[in-house]
Amino acid sequence: MKVHGSVKKTVAAQALRDDKEFAEEQAIRLADKYRANEDGKEQLQKTEEKHTWLYLGESFIKVSKGKAIEELGKQSLALRGELEQIDADIVDKDDRLDDLVAVEE
């Protein structure tokens, strides 16, 4: 059975839409984590405590306030990099989707 070219393009377009939607949801989750990190840094900067508990992977460790702020900064930087990659991926998918839709029309 031969599949018509327009059906293939429609399926490809739907796959791109699904991928784009997943990437957008992932970007929202990462943005929420980023905001939480930034809020955490702000709260630590305002507190007069000299030490705090920081969650690193599988457990909490007691660290100095400065070290905690530094670690949250590193995490925020990494999250921002991931967000930029996802945003670029979304733009790429948008462009490819536009190309597919233009060919269908």
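Reader: Leaving aside neighbours within four places in sequence, what is Lys 20 in contact with?

Author: With those neighbours left aside, Lys 20 is in contact with Ile 90, Lys 93 and Asp 94, where contact means heavy atoms within 4.5 Å. This is a predicted model, in which local features need pLDDT of at least 70 and side-chain atom pairs count only at pLDDT 80 or more, while totals for chains, interfaces and linings use all residues. Residues are numbered from 1 along each chain as its sequence is written, and side-chain values use heavy atoms, with hydrogens and water left out.

Reader: Why is Lys 20 called buried?

Author: The word buried means under 20% relative accessible area, exposed means over 50%, and partly exposed lies in between (1.4 Å probe, protein chains only). Lys 20 has 18% and is therefore buried. Its place is in helix H1, residues 5–46.

Reader: Is Trp 53 buried or exposed, and why?

Author: Trp 53, in strand E1, has a relative accessible area of 56% and is therefore exposed.

Reader: What makes the nonpolar surface patch of about 410 Å²?

Author: The patch is made by Trp 53, Tyr 55 and Phe 60. Patch residues have over 30% relative accessible area and no salt bridge; like charges are joined within 9 Å, nonpolar side chains (Val, Leu, Ile, Met, Phe, Trp, Tyr) within 5 Å. A salt bridge is a side-chain nitrogen of Lys or Arg within 4 Å of a carboxyl oxygen of Asp or Glu. Accessible areas come from the Shrake-Rupley method with a 1.4 Å probe, and for residues only the protein chains shown count as cover.

Reader: How does the radius of gyration of the chain stand against that of a compact globule?

Author: The chain has 21 Å, whereas a compact globule of 105 residues would have near 13 Å. The radius is taken over C-alpha atoms, and the globule rule is 2.2 Å times the number of residues to the power 0.38. The C-alpha trace spans about 70 × 25 × 15 Å along its principal axes.

How values were computed. Helix = DSSP H or I, 4+ residues; strand = E, 2+ residues; numbered from the N terminus.
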